[in-house]
Amino acid sequence: GDSSLIEALNRVKNSFNSYTLDRLAIKAGIEAFKDEEYFQKCRSMIISSRERVTIKMKAMSFNVLESYANFIFASHIEKKADQLFKELKENGILVRYFNKPKINNYLRISIGSDEEMDSFLEILEQMVHG
C-alpha cells in the first residue's frame, strides 16, 4: 500500500541527503586542508624571510624588535628613522614611519617576496654603509 511506498521514498531521500552531506563535508574538509597547507606554507615563508632580514639588519647596526608578525619593527643606532624612510621612499621602497613619541625612531617593514626583501636590503646597505 501507500505506506510502504512512502517509507521507501523516505529511505531513498534520507540516504541521498546523508550521502550528499557526507560528500560536501569531505569536499569542505579537503578544501580546508589545502587552505591550511597553503597558510602554513605562507607562514613558514614569512618566518624564514623575517629571520633572514632581521639577521642582515642587525649586521647593519639596526635594533630589531622580536616579531611574530609579517613585519619587522627596527631602528638604527645612528641614522634617524624619518631620514631612512625618506631615502627608502626615493628608491621606491615603501616602509611605514610613525611620527609618534616612543616609536618615532622606528621603521615598520612588511615582509614581502624574497626579491622585494633583497632589493630592500641592498638599498638599505648602501644607505647605511654607502
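A quick definition before we start: helices (at least four residues) and strands (at least two) are DSSP runs, numbered from the N terminus. Also keep in mind that this is a predicted model.

**Stop 1: Lys 102.** Select Lys 102 and you land in the loop between strand E3 (96–97) and strand E4 (107–110). Most residues other than glycine have a negative phi. Lys 102 isn't a glycine, yet its phi is positive, near 75°. Lys 102 counts as exposed because its relative accessibility is 80%, and the cut-off for exposed is over 50%.

**Stop 2: Ser 61.** Now hop to the loop between helix H1 (2–59) and strand E1 (62–64), where Ser 61 sits. Here's another non-glycine with a positive phi, about 70°. With 29% relative accessibility, Ser 61 is partly exposed.

**Stop 3: His 76.** Next, pick His 76 in strand E2 (residues 71–76). Is His 76 buried or exposed? Its relative accessible area is 7%, so His 76 is buried. Zoom in on the side chain: one of its polar atoms lies 3.0 Å from the backbone nitrogen of Glu 78, and the side chain also reaches the backbone nitrogen of Lys 79 at 3.0 Å. Beyond its sequence neighbours within four places, His 76 is in contact with residues including Ser 61, from our last stop, and Val 128.

**Stop 4: helix H3.** Follow Val 128 into H3, where Val 128 is buried. Helix H3 covers residues 114–129, 16 residues in total, and spans 22 Å from first C-alpha to last, close to the 22 Å expected. Select the other buried ones too, among them Met 117, Phe 120, Leu 121 and Leu 124.

Note on methods: Residues are numbered from 1 along each chain as its sequence is written. Side-chain values use heavy atoms; hydrogens and water are left out. Buried means under 20% relative accessible area, exposed over 50%, partly exposed in between (1.4 Å probe, protein chains only). The expected span of a helix is 1.5 Å times one less than its number of residues. A polar contact is a pair of N or O atoms within 3.5 Å; within protein, one must be able to donate a hydrogen and the other to accept it, and residues adjacent in sequence count only if both atoms are side-chain atoms. Contact means heavy atoms within 4.5 Å.
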